[in-house]
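Here is a short briefing for a first look. Keep the sequence and the structure side by side as you read.

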Amino acid sequence: MPKVLVIEDDSLIVRLYQKVFSFEGYDFVSANGGEEGLVKAESEKPDVILLDIMMPKMDGLVVLEKLKANQNTKNTPVVILTNLIDDSVCTKALSMGASGYLVKSELPNHQIVEEVKRFLPAQK
Amino acid sequence: MSLSKKFLLIIFTLNLLFFGFLYLIFTLVVPEAFSKVEDEVVASNLTGIKNVFLERQNALSDVTCDYARWDDTYNFITEKSPEYIRSNYGSIDFFNTTGTDIVIITDIEGETLFQTVNPNINNALQDSLLGELRGSVYKGSKLNSVNMATGPLYGMLSTSSGPLIISSCSITNSNADVDSNGVLVMAKILDEAELDNIRKITNTSINYLELQATNVELKKIATDLQNTNISVTPISKSTLSGYVDVRDINDRQIGLLRAQIDRKVYLGFYEFINKLLFLLIVTQSATAVGLFFFYRVQIISPLKKLISNFEEIREKKDLTLRIRSHGFDEISSLKRVFNKMLDSLELSDLSLRHEKEGVSKQVSLQTNELVLERAKLMASINAMINGFILLDPHGKVIVANLAMADILNIDRGEWDVRRAQKQLNETFDLWINLQKCLLDKASVTMDDYEIMGKFLNMYLSPVFDPSDKNVLIGALLIVTDITERKMLDRSKEEFLSIASHELRTPLTAIRGNTELLAKFYIGKIKDAPFSEMIGDIHASSIRLIQIVNDFLTTSKLEVGKINIMRERFNLIPVINSVIRDTTEALKAKNLKINFNPNEVVNANVYADRNLVREVLINLIDNAIKYTEKGELNIKLRLNSVYLDVLISDTGRGIPKDNQKLLFRKFQQANDSIYTKDTYHGTGLGLYISKMICNKLGGRLFLESSEVDKGSTFVISLPQDLK
């Protein structure tokens, strides 16, 4: 069962994606904020990480940088998941090693799952 | 220097030159001439002396010949009669009357037959004289070689006892018809008595100087006399010495005759010169003094008076005053001319005063106007919100307004560029930029200049002389406070971030959850209105997200935050894909869509694929929305360097009055903004589409529209020409 880690401070979104991914048959893990996200990225060994940008204390770009700097997490695909519309952030994230970029409000639930599937290793 | 002093100086200088000239003539030229005259006088005197000296010798020769041509003497040679000796030479009378000192008679063989010496001469001298003379009279000697043919010989002879006048004559009978049988020699000592005789005759004081080897001076004169007859040497101012040489019978120089001669001519000349000079000086001085006084009285005094008259007129500034003038000399003429000049001056002064009054009125009038103009200008400048400084080319402030003082936090009042620069930081150096502006003759702009918590726009522009566009008269600095605009921009950006994140996140949750409900729980809901409500919530959330997205896109476009990814692509597949996506909406309204791309061969454009797609969706959606029956036609058209996409519908059309409002923000081409259709209700669609087209370097416009017949919109995009 593929495991998805969502790093997101907004519980509304966390609960929504928990349901979406659970119904689609994914193992779902969430982290409230960047620091917890970094720990869980290492301990839970997810197949894909969904990372929010706007978070308190540590923003998503910093988390991305740390994930890519860590030998244990640098190969895990990271998809930026945000509602920011600033294109420059998107460009920056991709240059830092993000695998994709999704705008939450622009995608219906099933499309998110479709997108995440693209970054997963071949189905076991 | 006053005229008197100049005059005195000129007279003094002229006299000095005159007397200097005279002096030069008297000392250099005239004495030369006089010394020539003097030399001639001396020469004639000396010639006279020489002649007298020769005459004395001649006289002795005469006496000698008298005795020698006497029969008694002739007979004495043969008879040797003592009587002859006794009676003729025995008494002192012989010496006194003949003036002879020594007599020697020899026969033809040179044998001395008789000799006698003046007994008045002392014995020692007698012996030596006689001895030396006899040494000169021997057979073959010059003295003893006289005969009838040669005639008598006379001349001088030098002896150790002094010079002798000597003469010898051959003895013969009185008829001179027999051969000579002996020689008679007579001699006379050239003593003081003899010299006195010469002095008496010539009326000169002469001396005989014997030539001795030791006397160099005399030797030199003697040498000179070998070439000339006479030598003259000045001794003093009053006397000079003249020399002639004395030669013996062998023509040897044995002594000099020196005559002391008074320089009468010379002395007389100098006396004359002195008197002449004195007279000249006296008359010259008298003339100068006379001239000076005449000059003072006739010229200087009237001039001084004239000057004081002028001064008076000048001091009183009274042009009505006149100078009294009488007489007919030049000064009087000057006064009259000056009076005439005063007449004209008085007249012109009067007219000038009138004119001046007029001019000063005019000037004060114009000054008032200028002051008014300046006040208007200053009021205008001060009313400006922008800071305004007019600088001269050296950076000096000519005019600055109040706003400038406010913006730069400078106290109102006096200030300059340096003070202004202190308020600015180094990112904008006013002085350097001023130089750049003046040098390039071009304006300098700096935007977003942040200082003291303000954002300023600095605009520096050269100011040219209106009459000569090549001459710079300074520069204009306009400072605009754009802080508020910047704040607005920033809040807009902040709004964008917040809206995009904070607004869309809960909406995403609503939509996501209602979607989940509809998908996984709809079977559990038996109540039809409940299930309908969930559907409405879901539809509303989708619409709300769409509206928010439209706002965000608008803002992004306006702030320029949108990223445009230009690429070359064929437009036809993009249009086809959009048409595919609209199939459902078309079906719902029972509309047909036609797209025949074959008309255009090259449909490649250079633009952002996603943005173009968005515009196409928007326009096709609109066409479907406003068309109730009929069809949609999509055509392509080449238009210069553009590729046009024409989207036509058979809808309700847009009235003329509303056409110009069509692309405005929040406007839909309806009669009233309050009556609107509900599908995509922000009214931002066309506005966004037009902005995107403009950003892509293309255009969006309404080509034609007729009410109840339909409209044609055109998307015009840059072709890919490569």
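Strands β7 (residues 231–234) and β8 of chain B run antiparallel and are joined by four bridges. This is a predicted model, in which local features need pLDDT of at least 70 and side-chain atom pairs count only at pLDDT 80 or more, while totals for chains, interfaces and linings use all residues. Residues are numbered from 1 along each chain as its sequence is written, chains are lettered from A and ligands numbered from 1 in the order in which they are written, and side-chain values use heavy atoms, with hydrogens and water left out.

- Helices (H or I, at least four residues) and strands (E, at least two) are DSSP runs, numbered from the N terminus.
- Two strands pair if DSSP finds at least two bridges between them.
- Four residues connect β7(B) to β8(B) in a hairpin.
- P234(B) faces L240(B) of β8(B) as its opposite residue.
- β8(B) also runs antiparallel to strand β9 (residues 253–262) of chain B, with nine bridges joining them.
- Here R247(B) stands opposite Q253(B) of β9(B).
- Five residues lie between β8(B) and β9(B) in their hairpin, and D251(B) in the turn has a positive phi of about 65°.
- Strand β8 (residues 239–247) of chain B is mostly covered, with eight of its nine residues buried.
- Buried means under 20% relative accessible area, exposed means over 50%, and partly exposed lies in between (1.4 Å probe, protein chains only).

**A five-strand sheet in chain B**

- The strand order of this open sheet is β16-β18-β19-β21-β20 (chain B), and the pairing is mixed.
- β16 (592–595) and β20 (699–706) of chain B are the edge strands; each has a single partner strand, so one side of each has no neighbour in the sheet.
- From one strand to the next, the twist averages 20°.
- Helix α17 (residues 609–626) of chain B packs on the sheet and touches β16, β18, β19, β20 and β21 (710–718) of chain B.
- The direction of α17(B) makes about 175° with that of β21(B).
- Such axes are lines fitted to C-alpha atoms, for helices over the stretch in contact, and angles run from 0 to 180 degrees between N-to-C directions.
- β18 (residues 631–639) and β19 (residues 642–648) of chain B pair in the antiparallel sense over seven bridges.
- Within that pairing, I634(B) is opposite I647(B) of β19(B).

**Buried elements of chain A**

- Helix α5 (residues 109–119) of chain A has N109(A), I112(A), V113(A), V116(A) and F119(A) buried.
- These residues cover an arc of only 115° around the axis, which puts them on the same side of α5(A).
- The arc is that of the directions from the helix axis to the C-beta atoms.
- The buried residues of α5(A) pack against several elements of chain A, including β1 (3–7) and α1 (11–23), and also against α13 (483–521) of chain B.
- Contact means heavy atoms within 4.5 Å.
- In β4(A), five of its five residues are buried.
- V78(A), I80(A) and T82(A) lie on one side of β4(A), with V79(A) and L81(A) on the other.
- β3(A) and β4(A) run parallel and are joined by three bridges.
- I49(A) has V78(A) of β4(A) as its bridge partner.

**Aromatic rings**

- Over all chains, the whole structure holds 19 aromatic pairs.
- Rings of Phe, Tyr and Trp (its six-membered ring) pair if their centres lie within 6.5 Å; planes under 30 degrees apart count as stacked, over 60 as edge-to-face and the rest as tilted.
- Y17(A) and F21(A) form an edge-to-face pair, 6.4 Å centre to centre with 65° between the planes.
- Both Y17(A) and F21(A) are buried.
- The rings of Y67(B) and Y89(B) have centres 5.9 Å apart and planes at 35°, so this pair is tilted.
- Y67(B) lies in helix α1 (residues 3–68) of chain B and Y89(B) in helix α3 (residues 82–89) of chain B, 22 residues apart.
- Y67(B) counts as buried at 17% relative accessibility, and Y89(B) is buried at 3%.
- Ring pairs link a cluster whose members include Y67(B), W70(B), Y89(B) and F114(B).
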